[in-house]
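Let's take a walk through this structure together, one stop after another. Have the sequence and the 3D view ready.

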Amino acid sequence: MDGRAIYAISKKEFMDNWRNKWIIAVSAIFLLLTLVISYFGSMGAGGVGWRDIDATIGGMITLVTLLVPIIGLMLGYATIVGEKEKGSLELMLSYPVERIEILTGKLFGLGAVMAAATFIGFGVAGIIIALNVKGVQWGNYMVFVLASILLGFVFISIAMLFSAIFKKRSAAMGGAVFLWFLFEMIWNVVIAGVLTAQYGIEKLTDPNFMAPSWYYVASLINPVKAYSALVSLSISSVNELAGNIPSFVNVPFNLAILLSWMAGTFALTWYIFNKKDL
Amino acid sequence: MGIVEIKGLTKDYEGVRAVDNLSLEIEKGEIFALLGPNGAGKTTTIKSMLGLIFPTAGEIKINGFDVLKEGKKAKENIGYLPERVAFYDNLTAIQTMEFYAELRGADRKECIELLMDVGLDGEMDKKVGNYSKGMMQRLGLAQAMIGNPSLLILDEPTGGLDPRGSWQIRQKIKELNENGTTIFLSSHILSEVQEVSSRVAILNHGKLIEVDTLDNLGKKLDLQPTLVIELQRPSQSILSRVKQVKGVDSAELSGNVIKVRCNPRVKTNIINAIENEGGKILDFRTVEPSLEEVFLKFTEGD
């Protein structure tokens, strides 16, 4: 494995998304929504106006958990199956390039697209907010932006796995859409259902109720949840986690979940792609 | 040691044997053609040579490197033109070339020269998505030539092209070969292989039927050349006189041309016979047996 091919492939993936205006479009969406959240987020509490960065981050977590996974999935689902269907993958692999280099190049390139859009969108929004409020915690904001990028990498990696497994682009897209629903809705509903079945609704509404450890583990295996937990635990003024949380649910725990998702799906993609006839 | 060594290559696709125990050796500097009908296993063989698919059995070495174990080194000196050449529609020709040059680690300056070389001078900044089939094929060839590889693998290089387009590709193949590039090509278009290749392997139902030079293949089958003789004033008496010459298989008259299939050693006797009968020869040439005939003979009865 060497850097040349990885660089060439990452650059191509990045430039493709630069030329087709994806990066700019996603940046603009991030920028706009962040400003809306910051300015109108306090509407319920009477009147509008710029909120500080920490308060804005609280509102942005929901935005990121919905948008970043779908952007990551859209970036990655066709990257292998699409090129295979078209025939360009075959040509690429006829060059002195290893399959792992193609996968690495694609992950880095698509991840850079996500990172660029996040940095531009949230960066410009941060500057605009900073011009209007005092005492901006840039460190916290940076943690939030980096965590969001990591979530993007996780979903690009998952999408690439789908792209390597499925024989048809449309099937990979179906898989990606399903996955989004799974992590955004189905997962939480199922786990909450099991919890309710075990303890009954009355016990759950008791303010002193402490959920069992398995509930936290099962819930946080969902990368979307691990992300919001990670941001909540890193930035003290943000609290997305309700109730008494067990001590093992800390920053390294959630970070490890996200990194495992990325590394695990990437390794699996490699394993599958490495055996594939093109 | 050949530039390509294929030993016992076998590939099954879900129980169907696409290539069956194929062994081939390609020497440096030759134009080697893999010939066979569609589905004979040509593309499977080529894809195995590039490590795109994994053989069920057998091994392939290119420049001495095992394609699967040392894929990167094996592929360092190969240019490849796939049967169904596909690029990225959103890139221009020059952007496409620069991407592949980067993948190969070749000088980007080569790209413009190569595009000019295949006659795409005026189309470099056009998006590949708007290219015609012929332009795609020429871009495909330019791409394969990046880094001046010592081996070019061309899968049906003239497939789907008009006669002029395929003539241009054949000229290019010959020119590259003259400059020292070994060429491995596949085709089901017999006349094209005949025009360029020095050696031919005939493949049918995944099995190697024969591999030899075109001349030898003709001899082995005892296919006779055809003499095409143009006469000033042909007549039936000349024709019947020619038919009587020993060694003549058949003769026919069309217009003022007599076509004679015969043992090549009796050429002089035929000329004498015509002149004795009062015929005046305007033109005389020998047409070697077409590969079509070679091919039909080899694959018939399968």
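Predicted model: local features only at pLDDT ≥ 70, side-chain atom pairs only at ≥ 80, totals over all residues.

Now zoom out to chain B as a whole. It has 11 helices and 14 strands, and its C-alpha atoms fill a box of roughly 70 × 45 × 35 Å along the principal axes. Of the 302 residues in chain B, 52% are buried. Among the contacts in chain B with a separation of 6 or more, 68% are between residues 24 or more positions apart.

What does a buried strand look like here? Go to strand β3 (residues 31-35) of chain B: five of its five residues are buried, so the strand is largely enclosed by the rest of the structure. In a regular strand, side chains alternate between the two faces of the sheet. You can follow that in the model: I31(B), A33(B) and L35(B) point one way from β3(B), F32(B) and L34(B) point the other way, and all are buried.

β3(B) has neighbours to meet as well. Five bridges join it to strand β8 (residues 182-187) of chain B, and the two run parallel; in this pairing, L34(B) stands opposite S186(B). β3(B) also pairs with β9(B) in the parallel sense, over four bridges. There, A33(B) has V200(B) as its bridge partner.

Which of them is buried and which exposed? E156(B), in the loop between β7 (151-155) and α6 (163-178) of chain B, has a relative accessible area of 4%, so it is buried. H205(B), in the loop between β9 (199-204) and β10 (207-213) of chain B, counts as exposed because its relative accessibility is 57%.

K42(B) lies in helix α1 (residues 42-49) of chain B while E156(B) is in its loop, so the pair ties together parts that are 114 residues apart in sequence. Both E156(B) and K42(B) are buried. Elsewhere, salt bridges that share partners join D12(B), R17(B), D20(B) and K207(B) into one network.

Time to bring in the other chain. The contact takes 33 residues from chain A and 30 residues from chain B. How much area do the two chains bury between them? It comes to about 2900 Å², with 53% of it on carbon and sulfur atoms. On the chain A side, L91(A), Y95(A) and P96(A) lose the most area to chain B, together 24% of what that side buries.

Between the chains the count is 20 residue pairs in polar contact and six salt bridges. One of the salt bridges joins D89(B) to K86(A), the closest N and O atoms being 3.4 Å apart. Another brings together the side chains of K11(A) and E102(B), at 3.1 Å from N to O. K11(A) lies in helix α1 of chain A and E102(B) in helix α3 (residues 93-104) of chain B, so this pair joins two chains. K11(A) is partly exposed at 27%, whereas E102(B) is buried, with a relative accessible area of 15%.

Definitions and conventions. Residues numbered from 1 in each chain as written. Chains lettered and ligands numbered in written order. Heavy atoms only, no water. Contact = heavy atoms within 4.5 Å. Buried area = accessible area lost by both parts, 1.4 Å probe. Salt bridge = Lys/Arg side-chain N within 4 Å of Asp/Glu carboxyl O. Polar contact = N/O pair within 3.5 Å; in protein donor to acceptor, adjacent residues only side chain to side chain. Buried < 20%, exposed > 50% of the residue type's maximum accessible area, 1.4 Å probe, protein only. Pairing = 2+ DSSP bridges.
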